[in-house]
Amino acid sequence: MTDAVKPRLFRGLRDQLPEPMAARQWLIDTIRGVYELYGFVPLATPAIEYLDVLSGSAGTEAQDSIFTVKNPDVRPGDPEEPLGLRFDLTVPLARVISQYRDLPRPFRRYQVSSVWRRDKPGPGRFREFTQFDIDSVGVASEVADVEIIAAMCDTLTALNVGPYRVRFSSRRILSLLLKYAAIPEQIEVVERVRTGSGTFSEEKANRPADDVFRVLDKLERVGLEKLRLELTSGYTDKSGDFICGLGLGDDQVAKIENFLDIHSDSRSEVLDRLRDTFGGVEGADEEIDILAGMSRQLAGLGYNDDRVAIDLSVARGLAYYTGPVFEAVLLDAPKFGSVFGGGRYDNLVMRFLGEPMPATGASIGVDRLLAALLEIGKISARRATAQVLVTVMDKAMIDEYLGITFELRRAGVPAELFLGKKGIGKQLKYADAQGIPIVLMVGGDEKEKGTVTLKDLRKGRVMSAEIQARETWIRERPGQIEVPRGELLAAVRSMLAEAEERPAG
RNA sequence: GCCGGCGUAGCUCAGUUGGCUAGAGCGCCUGACUGUGGAUCAGGAGGUCACAGGUUCGAGCCCUGUCGUCGGUACCA
């Protein structure tokens, strides 16, 4: 043999093997069902886009995580037209909106697709992952945001994820916080730049005030102590890395803490306290009224405090959000963080269109949500799609086995004909290992009697615990029945009905 | 990106201060039991010790680099 190619995958990529795929497809189908119930229409766009279409929405730092693609058409002397893989579904949507002017407005679409980011992979974080997005483009009214929040709730309910909480706030409330705390648009910070092993040089730099939001977003993860340090002097973390502080003054930090102190399970209480705190701030009443209106509409539809909260620490990556922002967490799987999030982005489409175009939407991290549901046992992986394995007992009877298999399939019962070369014992073992619940056996005996033998492997699995001796095991033939050939379908159906399958499979 | 830990069978891991032919459990395969999945018993296959270089009489073990992986941190449109 010559050198075989080593089978391997590029870092951060993974295969999706059959077991989790079944659960994944159920997840996606269920989400799609909810979105179509809301009247959203499907859209697909290519994985590859021109790099200038992808980048720019979030500045140069965004480019660092885009996978670039070599343009095969570029010729010597021609201007380069670099390409990249999409990193989200929102930017392609903005392009589509701008490119197809005759699309209905408002345009309400859903899209489930892979996206790619060149970030460092981590647990539950891959370089290729699937997002499921829902967006309303062309609606300035907050009713569109209310609808998105409601759809998030209905989706999570349909997925049977257990208790969850959708939290929302508004980017404009956070802008008011900057006024309230008297934080200027540019913050001067001292960055520490590594110049060698263990040595640093200090450099002054300007950071936009939005950096404050980025820090606030970490509250839940790092706690108030570290948050305070990061707002002021900075600190050195466990690994010895220096975290740059924003150099805010005590008064400013105190006011931010006042703001963060406003939290309650009651939306109206949060709004009341916010009104008090932002008392003299210009424009505050108007923004708070908007949140109050959303809250009232949600309550009117039955989305109450038990699952939708106003949480002022929700900031999200604020690069293009302009209004309400929202995210959902599973209360049984808090460590997975936000599994579903979004917000209003009224300026994004303008980049392509040149004129304002309001838009709002949310995105599900399908992989993260799936991982969370598998971990808390709210969804189970199924190995087989077949419900019946038709075994091959006598090779001479293969035509009959084929016939039975197709009879089952044509009656809507997923069935597999065993195509390997193994004895009956091995075939049963195969069915058991694959999670196929029913085995069908027809040999010389059955043929003579005009019957078929059906075996429910799930019953045997239960009885296995009490049977010790192999003789007994074989003699008892747990879960096995013999029925007339003509009653095959009816018998299979009643056997399948006996143990009801969970929807997730 | 930065800091640190770890790479030994399909999986989880042992492997002494560097010393004979690299081990275990699980899984897999075969058989007992050729018409019965579990359990039990017996046997078997499977390793370039991540890769490359170096030190040494001798390296899974020590050194350097690369790759991978895990954790922290940054970023997350």
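Student: Which residues come nearest to RNA strand B?

Tutor: Of the 48 residues around RNA strand B, those are Ser-65, Arg-214, Tyr-320, Leu-457 and Ile-467. A residue counts as near if one of its heavy atoms lies within 4 Å of the strand. Keep in mind that this is a predicted model, where local features need pLDDT of at least 70 and side-chain atom pairs count only at pLDDT 80 or more, while totals for chains, interfaces and linings use all residues. Side-chain values use heavy atoms, with hydrogens and water left out, residues are numbered from 1 along each chain as its sequence is written, and chains are lettered from A and ligands numbered from 1 in the order written.

Student: What makes Ser-464 and RNA strand B a polar contact?

Tutor: A polar contact is a pair of N or O atoms within 3.5 Å; within protein, one must be able to donate a hydrogen and the other to accept it, and residues adjacent in sequence count only if both atoms are side-chain atoms. Arg-470 has a polar side-chain atom 2.9 Å from a base nitrogen of RNA strand B.

Student: Why is strand 14 called largely enclosed?

Tutor: 7 of the 7 residues of strand 14 (residues 338-344) are buried, so the rest of the structure largely encloses it. Buried means under 20% relative accessible area, exposed over 50%, and partly exposed in between (1.4 Å probe, protein chains only). Strands here are DSSP runs of E with at least two residues, and helices are runs of H or I with at least four, numbered from the N terminus.

Student: How do you know that strand 14 pairs with strand 13?

Tutor: Pairing takes at least two DSSP bridges between two strands. 5 bridges join strand 13 (residues 324-330) to strand 14, so they pair. The two run antiparallel, and Ala-328 has Phe-340 as its bridge partner in strand 14.
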